[in-house]
Amino acid sequence: MSPRWQPSAPIENLQQRSEILWTVREFFRHRGICEVQTPVVGSNTVTDLNIESVRLANGNFLQTSPEYFLKRLLAAGMPSCYQLGPVFREGEAGQWHNPEFTMLEWYRLGFSTSELRQELKELVELVLGPSDVIEYTFRDFLFNEFHLDCFEQSDEELHKVARAKGYSADDRRTDVLDFLYSFAISRSKDSRFFVVDFPSDSCALAEVRKLDGNLVADRFELIIDGLEIANGYNELCDPIELNHRMERDQALRSQLNRLLIEKDGRLLAAIEAGFPQCSGVAVGLDRLVGLSLGAEGIHRVLAFAEHHI
């Protein structure tokens, strides 16, 4: 039997993908946002429990996003900038997942998350066409689906609702909320909306603020037709808090017997040197292209997906 040598995507899809990439680059060029290129291999990687990195034989890591390098550039004086290129995540496989995929990530100096959402909306409309975009808080989004309050319900009540939807683990409250959130997204077909103001336990590297007496992350996600397309923050500027969050991640990784990740000392030093107020967002570009072309999965817009390399 001959090896599978042909591309995973039709040639016409790859040609249309090329046109979309040009559209994206023109969008940023017209706004004076600088394109940069950072390494795909680094000596450090993210500590986030929700992301697993690919570790190389020499101990370095394939980068899960250009975030750390882009933030070091911003701390050194780079103006608003973006990167469009490959990133890598361990264990990412499925209809809309691939271990190597294309990420579009950009940072806007002086922007609020509201302003960045508007800019993201304009970019998406260039690729997919115009559409109404609703905005929900994380709290309201889960309440609309499950009639529960993510801040007020007990852990036991959250687990009960999750188990009724097929959840079988006995994880942390954050993990249960993540499951319920993903379940609700999967039911949101034929719609385009933002979810904002996540519980502070899901802050990642976003600033945290108080809303209606509860701590929330100044973070948003864009959901289109049941797919998470983008994840953005008002970026954390406090090096002490950044160090604390990395140490918290390390402790949880140790408890869960996950790969231990050292803190990125270069990123911490960059934030300490003076990181500007900005908002940033990462977009799964392959998914956006797939939606534009009506593809049935990510493999139909990648030249060579996982099983074709």
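This is a predicted model: local features need pLDDT of at least 70, side-chain atom pairs count only at pLDDT 80 or more; totals for chains, interfaces and linings use all residues.
Local features need pLDDT of at least 70 and side-chain atom pairs count only at pLDDT 80 or more, while totals for chains, interfaces and linings use all residues. Residues are numbered from 1 along each chain as its sequence is written, and side-chain values use heavy atoms, with hydrogens and water left out.

Helix H3 (residues 113–128) packs against helix H9 (residues 285–293) at an angle of about 40°, and their axes are 9 Å apart. Helices (H or I, at least four residues) and strands (E, at least two) are DSSP runs numbered from the N terminus; axes are lines fitted to C-alpha atoms, for helices over the stretch in contact, and angles run from 0 to 180 degrees between N-to-C directions. H3 and H9 are therefore oblique to each other (under 35 degrees is roughly parallel, over 145 roughly antiparallel, 65 to 115 roughly perpendicular, the rest oblique). In contact (heavy atoms within 4.5 Å), Val-124, Val-127 and Leu-128 of H3 meet Leu-288, Leu-291 and Ser-292 of H9. Five of the residues in the contact of H3 with H9 are nonpolar, one is polar and none is charged (Ala, Val, Leu, Ile, Met, Phe, Trp, Tyr, Cys and Pro count as nonpolar, Asp, Glu, Lys and Arg as charged, the others, Gly among them, as polar).

Elsewhere, three strands make an open, antiparallel sheet in the order S2-S4-S3, where pairing needs at least two DSSP bridges between two strands. S2 (41–42) and S3 (54–55) are the edge strands, each with a single partner, so one side of each has no neighbour in the sheet. S3 is joined to S4 (residues 61–62) by two bridges, and Val-54 has Leu-62 as its bridge partner in S4.
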